[in-house]
Every structure is written in C-alpha cells, then in structure tokens.
Amino acid sequence: MSGAARSLLSEPGRYMRAFRLFLTRSTEHQAMRAFIGDRLPPLLHSIGEGKEEINILSIGGGAGEIDLLIVTQVRARYPGVPINNEVVEPNAEQIVKYKERVATTAGLEGVRFTWHQETAEEYQHRTTASHQLRKWDLIHLIQMLYYVKDIPATLSFFHGLLDTNARILIILVSGSSGWAHLWKQFGASLPRDDLCKYISAADVAAALDAGGMRFQSHELPSDLDISDCFVEGSGDGELLLDFLTETCNFSKVVPPALRAGVLEALRDPACSVHRDGKVLFNNNLEALMVAP
C-alpha cells in the first residue's frame, strides 16, 4: 500500500461526487423506498399510541430524501399528531439540500424540523454533557454506522433513548452483499483509520445480540452497475472504484497488483452478476428493527 493512500472521506468533495454517482447507478434508494412504503408501516404500528407528539431522531440524515419518506409514513399512521423531527448530519452541504427538500415538499404540515451539524459521537457527547438527553419514538441510523468509532457503545446509547413502544431502524449493507465479500478479502489492504469501518448488518446484528437488544431483520435486494470500473480511462469508473474501496484516487495510489485483484474480485460471482452486458454488484441491504 502506497503511503499516499488515504480514505475517500478525507476529501469531502470527491466523496460527495462518488456518492451521488453511486446513487444514480444503484437501486439503493429504490430498495429503501419499497421497504419504507410497503414493509415499514406495520412495524411502526404502535410507536405513537397515546402520544401528544411523536419524536423522531435521524442520525446521518443526509439530504433528507429517505427521512421525508419515513416522516410521511409516520404522519399517515398518526394523522393530526404533531411530529418533531431532529436531524444529526455532519455535512453542511447535505443539510442545505435537506432544507431545500423540506421547503419544496408538500404535506409536511404539523412537522417541525431541527438540524444539528455534527456527528453521532458529537451529538452523544453534547447531549450527555449538557444533560439534554430525551426519549424518542423512532430513531433511525441509515447507512451511517460505518462512520462511528465504537459501534456497541453507539447502539447502547441510542437504545437507552427509546421511549415506550419506540423503535430504532438501522439499515446497512447485508452480510451476504458484495461489499461484505470485498471488505473481507481486501479490507486489510485498504486505508485503515477512524473515518470508516468495513462492517455489515451481520456485524451489527452480532453486537445487538451481545448487548441483549431485541431486533427483527429484513433483507432489501439492491444492485449497483459497476460496468464502468472495467472501462480503461473512465472517470465514472474511477469514482466508483474509489467509493467501493473507500480510497481516494484508488487506481493512482495502490500497487497495480492490488488494483487488479480488486477488479478480479468485483467480477467474481461472490460480488456481482453479469446481465445484459452489465456487471451488477450485489448491493443488498438489511434493515434491523430494534425494540426497547
């Protein structure tokens, strides 16, 4: 590994370009929308029973697309009940986009939004130090547990904030996904720092079990078109390789043998399928619903 290799998260601008490309080439948000629209409502059937206000905490809410789908489902289940939706998101650009989305989305009457530009750990430290801990009816941690330093402690902290009948919704890549296979094979050769951990829902489920927390698991099928990764000189292909490996300028900073090994693994049936001339990476997700 070259000494110049560093996490993609160390360059926020390139990370956001890679992330947006990932969203356009994958069915991730479609899979989440299907889950939230079809399977989530029955799982939320009791979170607001008898409540004068429903409190939702979004950790890593991003630009708000998925958050607003969840808020809409809660609002439909409990019409007329005010909703307090607080968002913890470290990226200022994402918060701006979230606010713009709220301003242009109809049907959010009775929903109050508050944004905090901070990480999950900063939120935990701030609320604990200022004795501002409160109970929540729904906490969601969607595609963000890769970026916390102590996963068991984070799970325990947020679990302790659940009110009666409340739930935590966690969504991560599945333990059977291409991500899990890729990280298992090459994680030790990729940048290792505090910015990102190579974990899957299987690791989180094990931590929940160890902590004595009850949960249900739901698989969300998804794929990612990585065909451009195999087109020499493709800028989109290089961005996708950066995102898949969480390495900034992956092809430029790693030894050629490592790049070749990653590309070979990405073609392998354990990671991808070949369909209609495309290489489709297994981007399956898993949703974990955690009870108090």
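Predicted model: local features only at pLDDT ≥ 70, side-chain atom pairs only at ≥ 80, totals over all residues.
Let's start with the annotation. The UniProt record, an unreviewed entry, puts a "binding site" at Glu28 and Asn283. The two are spread over 256 residues of sequence, yet they cluster in space, with a largest C-alpha distance of 7.3 Å.

Take Glu28 to begin with. You'll find Glu28 in helix 2, which covers residues 28–43. With a relative accessible area of 4%, Glu28 counts as buried, because the cut-off for buried is under 20%. Setting aside residues up to four places away in sequence, Glu28 touches Phe22, Gln143, Ser222, Asn283 and Leu285. So the partner from the annotation, Asn283, is on that contact list.

Now over to Asn283, which sits in the loop between strand 9 (278–282) and strand 10 (285–290). Asn283 is buried too, at a relative accessible area of 0%. Beyond residues up to four places away in sequence, its contacts are Phe22, Ser26, Glu28, Trp179, Ser222, Asp223 and Leu224. With Trp179 there is also a polar contact of 2.7 Å, made between the two side chains.

From here, move on to the nonpolar core. The largest one has 96 residues, and the members touching the most other members are Val74, Ile139, Leu145, Phe158 and Ile170. Strand 5 (residues 162–173) gives the most to this core, namely eight residues.

Leaving out neighbours within four places in sequence, Ile170 is in contact with Leu141, Leu145, Leu155, Val204, Glu286, Ala287, Leu288 and Val290.

Methods
Residues numbered from 1 in each chain as written. Heavy atoms only, no water. UniProt positions renumbered as here; feature names shortened; annotations may be inferred. Helix = DSSP H or I, 4+ residues; strand = E, 2+ residues; numbered from the N terminus. Buried < 20%, exposed > 50% of the residue type's maximum accessible area, 1.4 Å probe, protein only. Contact = heavy atoms within 4.5 Å. Polar contact = N/O pair within 3.5 Å; in protein donor to acceptor, adjacent residues only side chain to side chain. Core = buried A, V, L, I, M, F, W, Y, C linked by side-chain atoms within 4.5 Å.
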